[in-house]
Amino acid sequence: MAACSSNSNMRREEQTEEKKKAREKSAKKRSKEEGDEGDEGEEIFSFKDKAAVDEEEDDDLSDSEDSVYSGLEDSGSDSDDEDDDDKDDNEEEEEEEDGSGNEDEEEDLKTETQQTGQTEQKKTTTMKKKKEGKEVTEEEKVNEYEHDSSDEEDIRNTVGNIPMEWYKDFPHIGYNLDGKKIYKPIRNKDELDEFLDKMENPEYWKTIHDKQTGRDIVLSDEQVDLVNRLQRGQFGDVNFNEYEPTVEFFTSDVMIHPVTNRPADKRSFIPSLIEKEKVSKMVHAIKMGWIKPRRVEDDSKGRYYDLWTGEDSSLVAKHKMHLPAPKIPLPSHQESYNPPPEYLFTDEERALWDQQDPSDRKLPFVPRKFSSLRQVPAFPRFIHERFERCLDLYLCPRQRKMRVNVNPEDLIPKLPKPKDLQPFPTTQSLVYRGHTGLIRSISVSPSGQWLASGSDDGSVRIWEVCSSRCMKTVQVGGAVKSISWNPNPAVCLLAVAVESVVLILSPSLGDKQVISATERLLSGQQEAETTEGEGPVSWIETEGEELNQGIHLKIQHAKAVQQVAWHAKGDYLASVMPDHSSHLQVLIHQLSRRRSQNPFRKNKGLVQCVSFHPIRPYFFVATQRCIRIYNLVKQEMTKKLQANSKWISSMDVHSSGDHVICGSYDCRLGWFDLDLSTKPYKMLRHHKKAVRGVAYHRSYPLFASASDDGSVIICHGTVYNDLLQNPLIVPVKVLKGHEITHDLGVLDVTFHPTQPWVFSSGADATVRLFT
Amino acid sequence: MSQLQARFFTENKRYIVDDVPFSIPGGSEVQDLSNVINKLLEAKNASHSKVEFDFLVRGQFLRTALSTHMETEGISTEEVVEIEYVERITAPEPEECMMHDDWISAVHADAEWILTGSYDKTARIWSVEGKPVMTVAGHTEVVKDVTWVKRDGLTSLLLTASLDQTVLLWEWNSERNKVKARHCCRGHTGSVDTVSTDPTGTKFCSGSWDKMLKIWSAVPTDEADEVEEPGDRPRKKQKTQQLGLTRTPLMTLSGHNEAVSSVLWCDSEEVCSASWDHTIRVWDIETGVMKTTLTGSKVFNCISYSPLCRRLASGSTDRHIRLWDPRTKDGSLVLLSLTSHTGWVTAVKWAPLHEHQLVSGSLDNLVKLWDTRSCKAPLYDVAAHEDKVFCVDWTENGLMLSGGADNKLYTYRYSACQTDAGA
């Protein structure tokens, strides 16, 4: 059946073809097909025969027979033949002329193709008519392995899968298997031809142009059908069933047991001997130097390097310090062309805006409202504003502020620990009780054995320091403002300021010889001082009861005496009568000659307290705000210390005479270094209330301040002989013990002359000893 | 609680137990141990009556649980602990209270009589039963110190030192109850704060506020009236009644920079003095030179010397009692500090018959009984006084005395002394 059909095919072809494709070819084909049907060996034989006759044709034949789509093959074979002819022609033409001959051939070719197109069309139509089943049987007959060929590669043109444009400028489009040129078909189909073809050729729609061979190919119905199927995404083979029932190679059920239960091999646990051998070989090779471990590339010489090393450091620093310009704030509602009504100026605001200086204005423009963006005019101040912005950026230098990070702890000066500064008084040891009024003043005898206290209850008491025993009580008939022990150890005398009288009191304690010397001193001048009447004060000898009590002399002043102070030698005595209006505020009395004199002619302010220099003839006078130092020999003022406080309450002079401390009612204690400055070297504000008394220790580097807050603060104050070294002042101890009565705390403070002990007297009528 | 291996021993023959180690709970305290010993003694001796014991572990009194004590003392608990036990020192029992007219500054007692000095310028003699026997008046100022010199039968010699810069040597006949000022020792230019007689009773030493120590003869000499140096007084109106014959010092020892607060005789050739200049000095009387200086950091108020343990005890203003060895040449070596007082220590006194015990008085109104083997805390606090304590004393027959600013002189019977003495 198949043979018949092919035969019929052939016959039709024969009928249509009339040109170069001779009958021989078809006959050969036929004979071959017949041979196929009959015997393979025959076929081979015949093939060989054919090869001997014409290889080209054989080639074409095989192709055509190989392919399923014989129609295409046929056309291909046609073109091949043509190519051959063309080639020959071309060769001839090259020998002769170009132009006309060429054209003729081209014309011929055109007609040929038309004809072939027609024949192919016919052929496909006939094929359509055939049943599909026949086709399948046809295919089954074809042996695919008969010819050694790829189904992808079209080997009629050997140039391969390249863009054919490369042959655009050549007359050929490639080479056939024999290495001969395949010439381009001479086709000069212009648009008109094309159009006509389109109009007339019913198979135009399935005619495609093969670039590889340069032929037009008319697709058969099967091919069209295949194309359609592929376009629809279906399989090319009509008979292929996509939905065949599945055959399970492996069950889909998960099984509980493993497929194999064989234990793992021993070799999976032990290191591989082969690998070991390999490794040992490599190790050996490395050891012998046959293999060099891969060297790490040395990058130091500069594949990567610091681009900026050579840069000028100042330039880099400048870059580092660069600060971007601050951004202008984004526009807000006021800048809107249609601001909310609250942003629009009222009349007052507008008036204010007009009045203000441009630099004072809150806004540099007036918010305005427009009904649409279209109506917004150009901003008239634009250039001006830009200029100002530039000016701002230019004139205001942007600098990074170097902030110094300082630990606040580091700013505190390094002070020695109080423990290292011992001895200083730390605990209250003795309380001297007996007074009934507040004790304004205390004084310790130069030997340190006795303590004298003067109280508001009108008595002076003398205590034994070591036992707090009151040895003597002298009623003086008035509040004792100040009491002072004569610093001369050869006499035993007390000066007591009671109201407007200064009493010279001999307590008759201690050495009998001292007592008698004192008495001689006090009585011996009776004759010498009789001519004393016109002075500012009157010296009165006492008699009777007062003399028995030990009061030997009374120095009657005009006004209330606030303070008495002895000179270090014990002969001179200064008394203070504070008075705003008078120049008679300070008097200096000489005990041995019973004379008094007023050293100052002018009133320099309200005198608070006075003190003698311990060594040199200087005299310290503290007024409310400052301390004046007078030279008694030259009778002039040498220094004026500014206390930096509102109201000085007390003052003491260091035993060297070069340092002064003064306490003030505004809670401060000032230390003056006379060699350093007239300003306080240090101000201490440790007390919470008014400082009432200050005192230096005579030998230990200690000073104390007493305050109304009921505490005594002990400070260590080392003074160096070296002028370059400032005194070292360390607060070491707050001593508490006195009770605050009537808002008064500690009223006076004084040190023991030899021991690091401090006495304090308070408003609670006690004297306390801290050791 | 862990068990400890302990072996008990004592030096008191009456209470010896077998020398075998016992296993004792580590948490046991003194009372438990005491019960153990009592049980052992009862087992050994049926007639044993219960005695309270105190325990010493390596010379330190046991005051806490045994294990904690050993832990703090760093004693290994692996070995057998040697624990000594002694009869517990019973608390001193107050016996008498003798009221004075004024503050009591000094007390000195012997087996029969008590001598006190007072701020009312007199010295008083009391019997140990607390009966006032005699008031010795003669000083013009406060009596600062008193001491018995010697007793020959019924006549006794006694010394009183006073603020009026004199020391008076009195002769007192106890039978006739007559006192007579034999000598007035002049020479000090300050208050005489302390006086002490040498062991033989032939000399005495006085220390004064004028920083001097003076050695005097304590032998009353009727006939040999010492020549008085009147000094360079032009017109001596010595109207003061001369109490006894004036006596001048044999020797003056100067060296202290501050007031001398306390003197005592270590032996017949050596005087020890404490001063406010923070030193204790030891003087050789033969040559009159200073031998040793012990330097402290605070004012010394009082010292006491025990010939039994040869230690000096000092009381100072920083509230500590310190023990010194007076024979060390390098000085300033504190052997032990006893810290419990809260005020100045004004008086210390070693037990005359016990090498470990001393008594101290302080301005914090307390009298404390110490044992040097328990330095952290005193054995007993005697809180009888209501004011500052100025003086304490301890007699050989177990009587403790203390006087102070509340005008009261308390005596306490201290019974443990005898048994300890026997031990």
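A charge is taken to sit over a ring if NZ of Lys or CZ of Arg is within 6 Å of the ring centre and within 35 degrees of the ring normal. The model examined here is predicted.

A further arrangement of this kind involves both chains. A:Arg469 lies over the face of B:Trp103, at 5.0 Å from the ring centre. B:Trp103 also takes part in an aromatic pair, with B:Phe390 as its partner. The ring centres are 5.7 Å apart. The planes make an angle of 35°, and the pair is classed as tilted. B:Trp103 lies in the loop between β6 (93-99) and β7 (104-109) of chain B, while B:Phe390 belongs to strand β32 (residues 389-394) of chain B, so the pair ties together parts 287 residues apart in sequence. Both B:Trp103 and B:Phe390 are buried.

Over all chains, the count of aromatic pairs comes to 27. Ring pairs also build a cluster in chain B. Its members are B:Phe8, B:Phe22, B:Phe53, B:Phe55 and B:Tyr85.

Chain A contains 16 helices and 33 strands. Of its 771 residues, 40% are buried. Among contacts in chain A with a separation of 6 or more, 51% join residues 24 or more positions apart. The accessible surface of chain A is about 46900 Å². Carbon and sulfur atoms account for 53% of that surface.

The largest nonpolar core holds 44 residues. Within this core, A:Tyr432, A:Leu451, A:Leu494, A:Val496 and A:Phe759 touch the most other members. Neighbours within four places in sequence aside, A:Val496 is in contact with A:Val460, A:Val480, A:Ser482, A:Ile483, A:Val501, A:Val502, A:Leu503 and A:Leu505. A second, separate core has 21 residues. B:Phe8, B:Leu33, B:Val51 and B:Ile75 are among them.

The cysteines complete the description. Over all chains, the count of disulfides is 0. A:Cys609 is in no disulfide, and the nearest cysteine sulfur, that of A:Cys662, is 8.2 Å away. A disulfide would need the two sulfur atoms within 2.5 Å. A:Cys609 counts as buried because its relative accessibility is 6%, and the cut-off for burial is under 20%. B:Cys205 is buried as well, with a relative accessible area of 0%.

How values were computed
Residues numbered from 1 in each chain as written. Chains lettered and ligands numbered in written order. Predicted model: local features only at pLDDT ≥ 70, side-chain atom pairs only at ≥ 80, totals over all residues. Heavy atoms only, no water. Buried < 20%, exposed > 50% of the residue type's maximum accessible area, 1.4 Å probe, protein only. Core = buried A, V, L, I, M, F, W, Y, C linked by side-chain atoms within 4.5 Å. Contact = heavy atoms within 4.5 Å. Phe/Tyr/Trp six-rings, centres within 6.5 Å; stacked < 30°, edge-to-face > 60°. Helix = DSSP H or I, 4+ residues; strand = E, 2+ residues; numbered from the N terminus. Areas by Shrake-Rupley, 256 points an atom, 1.4 Å probe, with all protein chains shown as cover.
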